[in-house]
2 protein chains.
Amino acid sequence: MKTIKEIGEAAVKAKRELAVLGTADKNKILNDCAEALRKNTDNIIAANKADLANAEKNGMKASLVDRLTLTEKRIEDMAVGLEQIAKLPDPIGEYLNSKTLPNGLIITQKRVPMGVIGIIYEARPNVTSDAFGLCLKAGSAVILRGGSDAINSNKAVIAAFHSVLDINKDIVQLVEDTSRESANEMMKMNGYIDVLIPRGGSGLIQAVVKNSTVPVIETGVGNCHVFVDESADIEKAVNIIVNAKAQRPGVCNAAETMLVHKNIAKDFLPKAAAALREKNVEIRGDKAVKSIVPDVVDALEEDWATEYGDYILAVKVVESVDEAIDHIAKYSTGHSESIVTESYLNSKKFTERVDSAAVYVNASTRFTDGNEFGFGAEIGISTQKLHARGPMGLKELTTTKYIILGEGQIRQ
Amino acid sequence: MKTIKEIGEAAVKAKRELAVLGTADKNKILNDCAEALRKNTDNIIAANKADLANAEKNGMKASLVDRLTLTEKRIEDMAVGLEQIAKLPDPIGEYLNSKTLPNGLIITQKRVPMGVIGIIYEARPNVTSDAFGLCLKAGSAVILRGGSDAINSNKAVIAAFHSVLDINKDIVQLVEDTSRESANEMMKMNGYIDVLIPRGGSGLIQAVVKNSTVPVIETGVGNCHVFVDESADIEKAVNIIVNAKAQRPGVCNAAETMLVHKNIAKDFLPKAAAALREKNVEIRGDKAVKSIVPDVVDALEEDWATEYGDYILAVKVVESVDEAIDHIAKYSTGHSESIVTESYLNSKKFTERVDSAAVYVNASTRFTDGNEFGFGAEIGISTQKLHARGPMGLKELTTTKYIILGEGQIRQ
C-alpha cells in the first residue's frame with residue numbers, strides 16, 4: 001500500500017503527462033473507462049456485496065445503505081456519466097483575455113489544468129467515477145479518498161479504469177488507507193495537491209475546512225430560504241414552496257425556512273399549510289404563524305439555523321422585505337434563497353442585498369445544480385466565495401496562467 | 001481595544017452598508033481619504049517618528065527601517081494612490097454570463113463584493129492605505145492587521161481615514177492588538193472574514209497558510225527562472241537576465257536561477273557574466289558553468305531552491321529545453337519564468353509545459369506586476385492556483401453570485 005506522500009509524488013508526475021493531452025485523447029480515455037465499467041460490472045457488484053455485508057454487520061442506516069448499493073443500472077449510469085463528460089466542451093486551452101501592452105508585450109490569460117485535485121468523500125461509490133471523469137476532462141490528476149464503507153467497491157471501480165489506461169495510471173489514484181490519519185495527512189500535502197474538495201455531510205466538510213492547509217473548496221451546506229412577499233402570486237408561491245421543500249428534502253438546495261410577509265400571511269398560510277401537509281411536511285411556526293394556522297409545532301430559535309434535510313419546514317411571519325433580508329443574512333449558509341413577489345422594486349432589492357451563491361425571483365431553490373444551470377455536470381456546489389461560488393462545472397476545476405510574448409523587452 | 005470577534009462582527013455589519021454603495025460614493029470616499037492623508041501629514045509623520053524610535057531601540061535592520069519610514073513625499077504617494085484607485089473602473093456589478101434556460105429561467109452571474117477581507121502584513125505603513133483603497137473600491141470591508149513595528153503609523157493613517165468617513169467607520173478597521181494570538185485568532189474567523197491575504201516575507205505567508213481556517217490567497221514567493229535556449233539572440237538574452245536579476249533584486253519577480261542551453265553556453269556565458277558583474281551580481285555556477293567562466297562560486301543543490309532576493313544568481317548548463325522545463329518543475333515556486341529563444345517550437349513547448357503564474361518568451365520576469373499588466377493597481381501576486389493566479393487587481397478581490405429570474409418555475 002502506497003503512503004500518502006508516495007501517492008502525492010506519483011500524482012505530480014502523472015499530472016505532467018495528463019496536462020499535455022489533447023481533447024480527443026481525454027475523450028477516448030473517458031469512453032474507454034465507460035466501457036471498462038460495463039465489462040467489469042460483475043466484479044464491481046461482487047466487491048460492492050462485500051461492502052454491503054460489512055455495512056449490515058456494522059448496522060448502517062438504511063438511507064446510507066441505499067447510497068452505498070451498486071446495481072447493474074447504477075453502474076450503467078456511471079458509464080453513461082463518463083460518456084456525457086466526454087461530450088462536454090473541453091475547458092482547457094481557452095484564452096480569456098489577450099491584449100498588447102504599450103511596450104509591445106502581448107499578454108494573454110490561458111485556462112490550464114489545476115494539476116492535482118484531491119477529493120475526500122463518504123460512502124457513495126458513484127463519486128469515484130464521476131469525480132475522476134470531471135477531473136480528467138479538466139486535465140488534472142485526481143487523488144480519491146473515499147470512505148472505508150465503500151473501499152471494496154471503490155477499488156473495483158479504479159481497477160476497471162486502470163485496466164484500460166494506456167497513459168500513466170497514476171492520473172487516478174485511490175487512497176486505500178481509509179484511516180483518519182490518512183485523511184489528515186492528505187490535507188497537509190501542500191506542493192502536491194493543488195485543491196481539496198470535500199463531498200459529503202457537514203461533519204466531513206467542516207473537518208476538512210478546519211484541518212487542511214491545502215486550499216479547500218467548501219461545498220454543499222444549505223439552509224435555504226423562500227420569502228413570500230406581500231405582492232406574491234399565491235398560487236405561484238404555494239407551488240414554489242412545496243417544490244423547494246418537498247420535491248427532494250434531503251438535498252442541499254431544498255428550502256428549510258419560509259418567511260412570509262405579514263400582509264399576505266392570512267390569505268397565503270392556510271393554503272400553503274394544506275399543500276405542504278399533503279406532502280407530509282411538518283410545519284414549525286412562530287407565534288404569528290400559529291395565530292393563523294393553529295396546529296403547528298412551535299419554532300424555536302435553533303429552528304432558524306437548522307438544515308433539516310427532511311420533511312420539516314420552519315415558517316416565520318416578517319414585517320417587511322427588509323426584515324426578510326436581515327433574517328437571511330443572520331441565518332443563511334449562503335447557498336440559495338428565493339423571493340416570490342410581483343413587485344419590481346422588491347425583486348431588485350432582494351437580489352441585490354441577499355448575499356448567497358444563488359438568488360431567485362419566483363422560482364424554486366431546487367434549481368441550484370450544475371445540470372439545471374446547463375454546465376452538463378458538476379463536482380459540487382460551492383458555498384464559499386473564493387474561486388467558485390455555486391454549482392461547479394468543468395471550468396471551476398481549472399486555473400489560468402499568463403503567457404507573455406516579447407521581443408526582448410526589459411523593465412525600465 | 002476591541003477584541004478580534006468584536007472587530008469581525010463590526011465588519012460584517014459594515015460590509016452590508018458598503019455593498020450597496022454606488023461607484024460615485026466609493027470614489028468620493030477614496031478622494032476624501034486622499035485629502036485626509038494630506039491634511040494629517042504632520043500627525044502621521046509624528047506617529048511614524050515614534051515607530052522609528054522604537055525600531056532604533058530594537059536594532060531594526062536598515063532595509064526594514066527604510067520600509068517603515070514615512071516622509072511627506074511617501075504620504076503624498078499614498079494619497080495619489082487612493083486617487084488613482086478612484087479613477088479605475090468599478091469591478092462590481094459586471095454581468096459575466098447571462099442566458100435563458102430551456103425552461104425560461106434567466107440565469108446570470110453578477111460580480112459582487114467579497115464581503116470582509118483580512119490583510120495581515122508587516123512593517124510597511126503604505127500597505128494600510130493601499131489595501132484599504134483596493135478593498136473599498138472592490139466593495140469590501142477590510143480588517144488590517146499590520147506589524148507591531150508600524151502600529152503608531154498605522155493608527156495615525158486609519159485615524160485620518162475615520163475623520164472623513166460619513167459611512168459606518170468599520171468599513172476599515174485596524175487590529176491594534178499586534179500579538180501573535182490576535183493574528184491566530186483572526187485566521188480562525190470563518191463566517192466573519194471571507195478571505196485572508198498575507199503580505200510580507202515567506203515566514204509570515206507560510207504561517208498564515210498553515211494556521212488559517214479562513215480561505216487564504218498565498219502571495220509573493222518567487223524563485224524565478226530565465227532559460228537561455230540554444231537559438232537565443234545573445235544580446236537580448238544578456239539584457240533580459242541583467243534586468244531580471246539586477247534591476248531590483250529584492251522583489252519576488254526577480255530571477256534567481258539562469259538555465260543555459262549547452263550549445264550556446266560558450267558564446268553566451270562570458271558575455272552574460274561580464275554584464276552581470278558590472279551590476280555586482282555574484283554568480284554561483286555548476287561544473288559546466290565553471291569550465292567556461294572559471295571564477296564563479298560553486299552552486300550547491302540548495303542554490304536551485306533559493307530565493308536570494310539579493311545580487312546573487314545561480315547558473316546551470318542544461319542539455320535541452322526539456323531539461324530546463326524539468327528543472328523548473330522541480331525547483332520553481334510557480335511565480336514567473338522566461339525563455340529566451342528564436343525557436344517557434346521551443347517557445348510553444350516552454351509556454352505550454354511550464355506551470356507558473358506567468359510564463360514569458362523573450363522578456364524579463366520583472367514584468368509580473370499589476371501595474372505592468374495594466375490592472376492599475378495590485379494587492380499582491382498570487383502563487384496559488386485557486387481563485388487568482390498572478391497579479392491580483394480589483395477584479396480578483398471580488399466574487400460572483402448567480403441571479404435567477406423566473407415566473408413560477410419549479411423543478412420536475
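Residues are numbered from 1 along each chain as its sequence is written, while chains are lettered from A and ligands numbered from 1 in the order in which they are written. In this predicted model, local features need pLDDT of at least 70 and side-chain atom pairs count only at pLDDT 80 or more, whereas totals for chains, interfaces and linings use all residues.

**View 1. How chain B is placed relative to chain A.** If you look for the C-alpha of chain B nearest the axis, go to B:His387, 1.8 Å from it.

**View 2. The surface where chain B touches chain A.** Chain B brings 55 residues to the contact and chain A brings 56 residues; residues are in contact if their C-beta atoms, placed from the backbone, lie within 7 Å. The copies meet through the same surface, because 100% of the interface residues of chain B are also interface residues in chain A. On the side of chain B, the elements that give two or more residues include helix 14 (344-353) and strand 13 (358-363); helices (H or I, at least four residues) and strands (E, at least two) are DSSP runs, numbered from the N terminus. Strand 16 of chain B gives the most, with eleven residues. The side of chain B divides into 24 nonpolar, 18 polar and 13 charged residues. Here Ala, Val, Leu, Ile, Met, Phe, Trp, Tyr, Cys and Pro count as nonpolar, Asp, Glu, Lys and Arg as charged, and the others, Gly among them, as polar.

**View 3. Strands pairing between the chains.** Strand 13 (residues 358-363) of chain A and strand 16 of chain B run parallel and are joined by five bridges; strands pair if DSSP finds at least two bridges between them.

**View 4. An open sheet in chain B.** Four strands lie in the order 5-4-3-6, with parallel pairing. Strand 5 (172-174) and strand 6 (195-199) of chain B are the edge strands, each pairing on one side only. The twist averages 20 degrees from one strand to the next. Strand 4 (residues 141-145) and strand 5 of chain B are joined by three bridges, and B:Ile143 stands opposite B:Gln173 in strand 5. Helix 1 (residues 4-19) of chain B packs on the sheet, with its direction at about 145 degrees to that of strand 4 of chain B. Helix 6 of chain B also packs on the sheet, making about 160 degrees with the direction of strand 4 of chain B.

**View 5. Helix 6 and helix 7 of chain B, side by side.** Helix 6 (residues 125-137) and helix 7 (residues 151-162) of chain B pack at an angle of about 30 degrees, with their axes 8 Å apart. Axes are lines fitted to C-alpha atoms, for helices over the stretch in contact, and angles run from 0 to 180 degrees between N-to-C directions. The two helices of chain B are therefore roughly parallel to each other (angles under 35 degrees count as roughly parallel, over 145 as roughly antiparallel, 65 to 115 as roughly perpendicular and the rest as oblique). Residues making the contact include B:Phe132 of helix 6 and B:Phe161 of helix 7.

Methods
Two residues are in contact if their C-beta atoms, placed from the backbone, lie within 7 Å. Copies are superposed by least squares on the C-alpha atoms of residues with pLDDT of at least 70 in both.
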